[in-house]
Amino acid sequence: MLANIYLHYLDTMWEKHGSHLGKLVRYADDLVVICRTKKDAEHALKLVSVIMERLELTLHPEKTKLVSMWDGKEGFDFLGMHHRRIVAETGKGQKYTRTHQLPSRKVMNKMREAVKAVLASRTTLVLDAKTLIERLNPKIRGWRNYYGVKTAIKWLNKIDWYILLRFTIWWNKKKVVRVC
């Protein structure tokens, strides 16, 4: 909330001086500027840098970059989603481009780590499957609600398979029969 209050100045200055360059999309302290041309993008980056300097803030050097979305070779991560342009085809064979969203690699790894944290602990071997499912379901539901866009289904199915794999490993450890 503090970021929204503090960066309201950025929004105001963008509307006055930068709205002709492109569309500013901001959530708390994360932002993306969508421009039509490389020249507009370069001017937008300079303007955002100047505004941030006035606020005594700096742009994160590793996260700040210009990305060309037109050829589909580059994309960017924003709010846990990876955005990239792809060429799609209509039922009549006409080609068009659209923006494709899927969970970012970083988010996918965090999902796997969260599942593993619940199922890999040796202390869970005394629990029953119903209890573990009750622990995982809120997380899975949250992921599906946030990342469940049409283009992300394939990626979320990979997480489903990972959950099944971890449950299988858990079950096998739980049911190990020791022969003396």
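Predicted model: local features only at pLDDT ≥ 70, side-chain atom pairs only at ≥ 80, totals over all residues.
Residues are numbered from 1 along each chain as its sequence is written. Local features need pLDDT of at least 70, side-chain atom pairs count only at pLDDT 80 or more, totals for chains, interfaces and linings use all residues, and side-chain values use heavy atoms, without hydrogens and water.

**Exercise 1.** Find how many helices and strands the protein chain has, and their order.

Solution. Start with the DSSP runs: helices are H or I with at least four residues, strands are E with at least two, numbered from the N terminus. The protein chain has six helices and five strands. From the N terminus on, the order is α-α-β-β-α-β-β-β-α-α-α.

**Exercise 2.** Work out which residues of helix 2 are buried and where they sit around the axis.

Solution. Buried means under 20% relative accessible area, exposed over 50%, partly exposed in between (1.4 Å probe, protein chains only). In helix 2 (residues 8-17), the buried residues are L10, M13 and W14. They lie on the same side of helix 2 because they cover an arc of only 105 degrees around the axis, taken from the directions from the helix axis to the C-beta atoms. The face turned away from that buried side carries the exposed E15 and K16.

**Exercise 3.** Name what the buried residues of helix 2 pack against.

Solution. Look for contacts, meaning heavy atoms within 4.5 Å. The partners are strand 1 (22-27), strand 2 (30-35) and helix 3 (38-54).
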